[in-house]
Every structure is written in C-alpha cells, then in structure tokens.
Amino acid sequence: MADASNTIYVLNGPNLNLLGLREPEIYGSTTLDEIADMLEDRARELGFAIDVRQTNHEGMLVDWLHEAQAEGVRAVLLNAAAYTHTSIALLDAIKAIATPVVEVHLSDPKTREAFRHISYVGMAAAKTVEGHGADSYRIALEAIASGEV
Ligand code: DQA
C-alpha cells in the first residue's frame, strides 16, 4: 500500500488534457491518460505510486504544489505547459516547498519560439527533462527512483 513517502504527484498544466489531439507533430499522438497508464506501470515496478492530475488553472497548480509538501510526498513531476514561461507564482511555490520538483516537457522548448526559452519552473526545479515526447515523464520518474533527485 502506497504511503506519502513513496507517492509522486504528476501535475500537468493547461491544454495538456488535449494531448493526442493537440499539435501532434509537436507533442505526439499519446494521450495524457495513456501517459498516466504507462507511468503507473513503471512506478509500480519501481515501488512508487503516482497521482496524475491536470488543470488549466495556474492557481490550482500552486495549490497542488503546497499540497505535495503538506502531504509529505516524495517528489513532484511538473509539466506546467505554457505557465512554465510566464508564472512567477509557480517559481515562488516551488521555492516555498522542500519537496523536489522535476520539470517535464514533451517537446524541447529551448529549440522552439524565443518566448519558450525562459522557464520560471526551471529556475527552481531540481532537474529538467525535455524533448523526449511522452518518454520525458518516464525519464523524470526514473531520476527520482534512482535517487538522483
Ligand atoms: C510543453 C511546452 C510548452 O512550451 C507548451 O506551452 C506546452 C507543452 C511541453 O510539454 O512540451 O503546452 O510544456
């Protein structure tokens, strides 16, 4: 049975509910539910439980980061989507909690439009995994399981 210390929150921001349909040439054809299933299997193999959530609202991501700390979970995987590039509130929230946060992106924002080159999330995240499509989530999970994060 999972307790908080081996639970990982997987928090997803705006428009990621449309994965699979949304710009598949950039983000691939895998849906968020499929990513969640794949991650759940891998997490179980590694002795972890995951809690996958998605919201289109910035403040909800802030609340969930606070909850991660309050619940004492092991770590957070955070794909803040477009809020990555705009949200000082998320930067502050990550700095406000002791829970390690791994920044995740399907695409590699650094190779895209200039407005995606700044990452407020990345300024406080323990690690960033980007550019591997849906596999970015798995790689981030494995970094936590290996103790790297
Ligand atoms: C994204 C990259 C962001 O720039 C973009 O706004 C997203 C998705 C990614 O996973 O590649 O919505 O976070």
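## Starting with D41

How exposed is D41? D41 is partly exposed, and its relative accessible area comes to 43%. Please keep in mind that the model is predicted.

D41 has a salt-bridge partner in R44, with 3.6 Å between the closest N and O atoms. The two residues sit 3 residues apart in helix 2 (residues 32-46), about one turn of the helix. R44 counts as exposed, at 54% relative accessibility.

## A second pair in helix 2

Helix 2 also holds R42 and E45, again placed 3 residues apart, about one turn of the helix. Their side chains meet in a salt bridge, at 2.6 Å from N to O.

How do these two partners stand in terms of exposure? R42 is partly exposed, with 25% relative accessibility, while E45 is exposed, at 59%.

## Reaching across to helix 5

R42 has another partner: E142 forms a salt bridge with R42, and here the closest N and O atoms are 2.7 Å apart. E142 belongs to helix 5 (residues 135-145) and R42 to helix 2, so this pair ties together parts that lie 100 residues apart in sequence. E142 counts as partly exposed, with a relative accessibility of 23%.

The links go further still. Through salt bridges that share partners, R42, E45, D135, R138 and E142 are joined into one network.

## The wider picture

Side chains of opposite charge can pair when their charged atoms come close. Across the whole structure, a search finds 12 salt bridges, including D41 with R44, R42 with E45 and E142 with R42.

Conventions:
Residues are numbered from 1 along each chain as its sequence is written. This is a predicted model: local features need pLDDT of at least 70, side-chain atom pairs count only at pLDDT 80 or more; totals for chains, interfaces and linings use all residues. Side-chain values use heavy atoms; hydrogens and water are left out. A salt bridge is a side-chain nitrogen of Lys or Arg within 4 Å of a carboxyl oxygen of Asp or Glu. Helices (H or I, at least four residues) and strands (E, at least two) are DSSP runs, numbered from the N terminus. Buried means under 20% relative accessible area, exposed over 50%, partly exposed in between (1.4 Å probe, protein chains only).
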